[in-house]
Amino acid sequence: MPFRRSSWLVRSPVILIAAALAFALSACGGGSANTGNSITLGLPVEATTLASVYLADDKNMWAQHGLDVKVVTFKGDAELAKAVLSGDVDVAIGSLTGPLTAVEAGQDAKVFYGGFDMPAFAWFAIPEIHSVAEGKGRNWGVTTLGSSTDLLTRYAAAKAGLNPDTDIKIIQGGASAARLAAMQAGQLQANIFTEPQTVFAEKAGYNKILDLKDVVDTYPMHVAWGSSSFVDGNPDRAKRFVDTLSAAMQMTKDQPDVAAQAMAGAMKISLDDAKASMSEWIDKLYPDGRMPSAEAMDAFWNMGLQGKLFESRIPDEKWLDPRFLPAAS
């Protein structure tokens with residue numbers, strides 16, 4: 001059965017997983033039931049592009065702004081979105097597709113900060129596949145259905161003349177490291193990765209068949225989002241969260257070695273791999289939280305529409321809360 005845009009809302013296995021995660025978070029005291037200075041922050045997967053978050057956690061920069069932040073990592077954007085919408089996570093830093101898919105399904109979700117505008121993805125395939133088109137009929141790995149990796153993979157397939165619903169089989173396999181292992185086990189023949197798995201994939205003899213940098217110069221890799229009720233009901237807490245994230249982003253740019261050390265520790269990767277990963281995207285990290293340019297957002301929506309992840313373009317006012325963003329020039 002081909003994947004439908006709203007399928008993450010109705011797939012019972014994912015709902016059961018999300019319910020279990022929600023129960024676990026509630027048992028630990030997480031979520032919007034927190035008051036005062038507490039925030040439960042959800043991340044979709046471990047990712048080198050989240051170095052600023054790992055830095056803020058490692059140095060407890062949250063406390064410097066009077067916050068008690070608990071970071072919870074999920075197994076993809078779909079599970080993370082459910083935790084936000086159920087109230088078990090206050091703020092998510094994940095792909096833009098998460099809140100947009102929620103809004104398209106009639107849910108309350110608002111993006112209130114950006115700044116992670118890096119096109120840090122690339123696709124790799126087994127040696128006999130040299131192009132996206134040659135991946136027809138093969139298994140393609142993404143983090144979760146409905147995620148940015150899904151959107152981009154569908155777009156790449158459509159751009160190569162393939163029908164992403166019928167010509168390829170999209171498999172949700174979690175973070176890059178898990179999908180690289182699945183590729184090495186023969187379960188996947190093509191995959192979308194970020195650093196350092198891009199380096200590992202190349203060293204393993206896989207072919208780079210497309211680089212997102214060759215398609216767009218900026219991309220909404222991650223955004224901070226939550227429910228309107230949380231942001232509207234806790235404007236001071238949301239502002240202090242934004243101020244901390246902005247300070248961590250600036251420190252990442254000013255002291256990349258310190259940020260790399262925090263990221264390497266959080267992800268259990270080598271310091272050299274952490275530094276190499278950061279060098280790929282640090283110039284696209286913006287502490288003012290800006291969203292990508294109008295041209296880049298046009299490209300993002302075209303990808304989502306061509307890849308059949310969205311039915312239509314959603315007006316900005318329905319998903320974007322601009323109060324913490326820089327004023328348009």
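How many helices and strands are there in the protein? The protein has 13 helices and 10 strands, where helices (H or I, at least four residues) and strands (E, at least two) are DSSP runs, numbered from the N terminus. The structure is a predicted model, in which local features need pLDDT of at least 70 and side-chain atom pairs count only at pLDDT 80 or more, while totals for chains, interfaces and linings use all residues. Residues are numbered from 1 along each chain as its sequence is written, and side-chain values use heavy atoms, with hydrogens and water left out.

Of the 329 residues of the protein, 57% count as buried. Buried means under 20% relative accessible area, exposed over 50%, and partly exposed in between (1.4 Å probe, protein chains only). Contact, here and below, means heavy atoms within 4.5 Å. Among contacts between residues at least 6 apart in sequence, 81% join residues at least 24 apart.

The interior may be taken next. A nonpolar core is a set of buried Ala, Val, Leu, Ile, Met, Phe, Trp, Tyr and Cys residues joined through side-chain atoms within 4.5 Å. The largest such core has 103 residues, and Ile93, Phe241 and Trp319 are those with the most contacts inside it. Helix α10 (residues 235–254) supplies the largest share of this core, 7 residues.

Helix α10 also packs with helix α2 (residues 51–58), at an angle of about 105 degrees and with the axes 8 Å apart. Axes are lines fitted to C-alpha atoms, for helices over the stretch in contact, and angles run from 0 to 180 degrees between N-to-C directions. The angle therefore makes α2 roughly perpendicular to α10; angles under 35 degrees count as roughly parallel, over 145 as roughly antiparallel, 65 to 115 as roughly perpendicular and the rest as oblique. From α2 the contact involves Ser52, Val53, Leu55 and Ala56, and from α10 Leu245, Ala248, Met249, Met251 and Thr252. These residues divide into 7 nonpolar, 2 polar and no charged, given that Ala, Val, Leu, Ile, Met, Phe, Trp, Tyr, Cys and Pro count as nonpolar, Asp, Glu, Lys and Arg as charged, and the others, Gly among them, as polar.

Helix α5 (residues 97–104) is largely enclosed by the rest of the structure, because 7 of its 8 residues are buried. The buried residues are Thr97, Gly98, Pro99, Leu100, Thr101, Ala102 and Val103. They pack against α4 (77–85), β4 (110–116), α6, β10 (222–226) and α13 (294–306). After α5 comes Gly106, whose phi is positive, near 85 degrees.

Strand β4 contains Val111, which counts as buried at 0% relative accessibility. Val111 and Trp225 are 114 residues apart along the chain, yet their C-alpha atoms are separated by 4.1 Å. Leaving aside neighbours within four places in sequence, Val111 is in contact with Leu96, Pro99, Val223, Ala224, Trp225, Met291, Trp319, Leu320 and Asp321.

Helix α6 (residues 148–159) contains Thr149, a buried residue with a relative accessible area of 4%. The side chain of Thr149 makes polar contacts with the side chain of Thr143 at 2.9 Å and with that of Ser147 at 2.7 Å. A polar contact is a pair of N or O atoms within 3.5 Å; within protein, one must be able to donate a hydrogen and the other to accept it, and residues adjacent in sequence count only if both atoms are side-chain atoms. Not counting residues up to four places away in sequence, Thr149 touches Phe121, Val142, Thr143, Thr144 and Ile192.

Most residues other than glycine have a negative phi, and most peptide bonds are trans. Asn60, in the loop between α2 and α3 (61–64), has a positive phi near 50 degrees and is partly exposed, with a relative accessible area of 42%. Lys268, in the loop between α11 (256–267) and α12 (271–281), has a positive phi near 55 degrees and is exposed, with a relative accessible area of 73%. The peptide bond from Glu195 to Pro196 is cis, with omega near 0 degrees, and Pro196 lies in the loop between β8 (190–193) and α8 (197–203).
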